[in-house]
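Here are a few notes to go with the model you asked me to look over. Have it open beside you as you read.

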Amino acid sequence: MGWLTTSLILLPLGAALLVWLFPWDPFTAGAIALLAAFGEVGLWIECLFRFNFDKGGLQLDQRTSWFSDLHVSYHVGMYGFSLWLVGLTVVVQAAAIIYAFWAGRTGARAYFGLMLLLTAAIVGVFTAQDLLLFYVFWEAMLIPLYVLIGVWGGPGRLGATIKFFIYTMAGSLLMLASIIVLGLSQGTFDLTATYQSSSDWIFLGFVAAFAVKAPLFPLHGWLPDAYRESPAEVSAVLSGLVSKAAIYGFIRIAITKFPEPTKDFRTVILVLAAIGLIYGSLLAFRAPDIRGVIAYSSLAQLGLITFGVFAVNDLGLNGAVLQMVNHGLISAALFLLAGGIERRATTGDFSRLGGFARGRPLLATVLMTTGIIGLAVPGSSAFAGEFEILAGVFSVDWGYAVVGAVAIVLAAMYMLRLISAVLHQSPGPAVSPQALDLRPAELSAVVPLVACLLALSVWPAAITQRSFTNDQGSKDVSTQFEAAK
Amino acid sequence: MIKTPHVDWFALAPELFLLGAAGVALMAAVLLPRRIRRDVGALAATAGFTGAFVYAILIYVHTPEVQSVIADSVRRDRFGALAQVIVCGAGLLTVGVAFGGRMREHIAEFYALLAAAGAGMCFFVTANNLMTLFLGLEWFSISLYILCAIDRELEGSLEAGLKYLIIGGFGSAVLLFGSALVYGATGEIAFNKIADAISAQHLTGDALLVAGLAMLIVGLGFKASAAPFHQWTPDVYEGAPTPVTGFMAAATKTVALVVTLRILRTAFPQEAHLWTIALAVIACASLAIGNLAALAQRSVKRMLAYSSISHAGFMLIPIASDNALGARALLYYLIPYSALSIGAFAVVAARERELAAPVTLDNLAGMGWERPLLGVAMCTFMFGFAGLPPTGGFVGKFYAFSAAYEHGWTWLVIVGVVATAVSLYYYLAVIRAMYMRPATELQLGAAAPVAGGAPPRDAMLQASVVLSLAVVVGSFIAVEPLIHVAKLAAESLPF
């Protein structure tokens, strides 16, 4: 059944080529992209049914030799937690494409082709089971992002893209060196082969790439510019999905393949994550515009998720996966809403916004719901995720749990500030009374994301109990975590 | 009566095809009326390169064992044949790029010289002794000197030719001197016999031999435009007609690197401890100088010239690694690299033709939207040079670094990786210029506007660009067959 995984990658790729090669009008190009995005969701649901959660381990995998003399292969497949991340990807990408379709981007063929290419690359990252293939998809993510921000971004886009590209490439190239050394010294690039390395340098090469992409403090220099200058839906993808690729890398490669270095560097990484968590929350509280709040809250949330990952225990990891999905949905929904607000008010500055709730009940309801889930109110899926992460990290050291708890209070502060600055207070100078409520197209992009969040709030165990199911085989990820402890 | 050696005409078929084509084109230049000279010349060159291409493949297929032909002066093997295939492919694409050019004066001679240069290169890569080595080198170099200077209406063309002639002549002289020293030390001129003599007479470390070896490396370094022997490259690449620049970047570098590997591996295996270090140093210098200098360039041709210097560095890494994986890596890398060079210079040539001015980063502005095919192709070429997927450039770099690692030189991998990171900045600058800066934003002066609407369609050039694109992307997907071909070719060398 490996064809399912492969077609998850090939469908958007083929649709991208279709959009590029023929002279469609903008509407048809968008429609093709939309169809492909819905097709992706359908394929993923099919995967969900075919996936045997009781069995665990790598499933739906397919393997073909790519170049045999160095033992590199095209090997894709999914573990439980990759399945959820792929699901997050297809849902958020569909929402982003709906939004872009509605917003009517210029150069539609180029734009939608790149969005589809980006979808294929992100799905590829989450499913690749070969180190070099992982790297190929990892880099392939960068190319469409670079062009999407650079061409369709805001006025400061050129600076933002240069910063973004140089930061991330510096990290990824260190990872390439690590991949070469690791793969050649092990004699295979296959990730499912059971080997572990104790080399600190190789480990740090991987960590550099992941820490830049996530980003972890202090490597977040590219983040505010990139999130502010991108088109809204690209910001949604960037913070919702691309940052998760980094955390996925931590789980799939850094921890499983390098148990000893993980132990050695765990304190350093946890401390950096703690700093990022507090620092990001404070910056989010002080940020003068909507996107700034969401951008810095992303930095904070990624710190929290890193807590869960580097707790390296069942609670922390399950919580991390749940929180990855939560944060992906929340930040994507918030960025799309921010885009809608900016279109109405021409600005995202809090000083010029306010009073959006009056006469716009849909916008108020959706933004309020997303924000409330985002601040981890008890009963929400974000609460479940953060609770598990804190419980997990508590067993490492209670200090981290204290930092995390403080950050949750801060999250409430910045989220409520965002909600009140946009929705409540007296109408700002940029808010015209004629500004419309959310349009049906916008609703159709955002509401499914919120619906997923609500569904997860009802049943968070859907993810937490189906990510690292026990597997008797020694290849299984969760078994390797045990060895790492 | 002089006893002539047996001649294996099959082994010489590529050269003969190209020489024949050169002859036909030259005759056309004198005998035919002016208006059809271009077409006949291009046709002759196309036929010559196609024939040579096919025969090079046939030689590859029919030479499972290495054969010494024509009194041991020429090697008939897969290693040389693969290099010939690359050269002929590059030549074929170059004909397509050059065809739509503005040049009408001496146009048939242009194609004759192109075919002659191709013939010289095909001979050069099969050379098996110091005499044929020098003969092949001068053969294609002299053709290239004239090709650089042939467009008399182009500013800087004559200067480029002269510079190339003087500095190239100096390089050849160094190579010749080195050959003389090696002969003096060993008493042999055939590569394999030099190696035998070194081991038989215990010449390892002999001062005369080492000096000769160093001079050989310097001479070949000039042709490969590796730092610190690169000073001619930016000026010549910028001044020469753009199709010729593309051909030089692709084919000259290919043959220089391939011959470097052949001569070092066949004639001087005992001195490997010296030349591996020397080449690694040259590679690092090329990477540093090429990448750093490219950052400051505004002229796209000059920038690509420095990029070709840095690529000499990248491709010297597998040679310096001195292992079978390295030979494979080099031969593989040359395939996408040649296509990348020809394709990138072809796009530059197209822009030059519509602007009638040298192409700079500023007047590339908006090109991506005006010319979608060329824009997407140029983007892919830049990503390919930078070693990003999905291009063969990525796999090439991966193999080159792997070879260095297998040799135990992790530091060289790190140097290569850092150089790649630096190179991204200037490759992306091209994409930024083409797509992200509308022409109005730059407030260009009178230089930019295209006179009189859309330029005529240049189908031949576009075909060359599409073919290059196909090779660049295809070599990423079909790694296995290409590596297999490279592996069989590398087995011709004694590893």
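Which residues have the most contacts inside the largest nonpolar core?

1. They are A:Ala33, A:Ala95, A:Val125, A:Met141, A:Leu336, B:Ala25 and B:Ala115, in a core of 400 residues. Such a core joins buried Ala, Val, Leu, Ile, Met, Phe, Trp, Tyr and Cys through C-beta atoms within 7 Å, buried meaning 20 or more other C-beta atoms within 10 Å, with C-beta atoms placed from the backbone. Helix H13 of chain B (residues 324-355) brings the largest share of this core, 20 residues.

2. A word on ground rules: this is a predicted model, where local features need pLDDT of at least 70, side-chain atom pairs need 80 or more, and totals for chains, interfaces and linings use all residues. Residues are numbered from 1 along each chain as written, and chains are lettered from A and ligands numbered from 1 in written order.

3. Beyond its neighbours within four places in sequence, A:Ala33 contacts A:Ala15, A:Val19, A:Ile97, A:Phe112, A:Met115 and A:Leu116 (contact: backbone-placed C-beta atoms within 7 Å).

4. Where the chains meet, 25 residues of chain B are in contact with 25 residues of chain A. H16 (392-406), H17 (410-436) and H20 (479-490) of chain B each supply at least two residues to its side, and H17(B) gives the most, twelve.

5. On confidence, the complex has an ipTM of 0.90 and a pTM of 0.93. Chain B has a mean pLDDT (per-residue confidence, 0 to 100) of 90, but residues 442-452 of chain B stay under 50.

How values were computed
Two residues are in contact if their C-beta atoms, placed from the backbone, lie within 7 Å. Helices (H or I, at least four residues) and strands (E, at least two) are DSSP runs, numbered from the N terminus. A residue is buried if 20 or more other C-beta atoms lie within 10 Å of its own, exposed if 12 or fewer, and partly exposed in between; C-beta atoms are placed from the backbone. pLDDT is the predictor's confidence in each residue, from 0 to 100.
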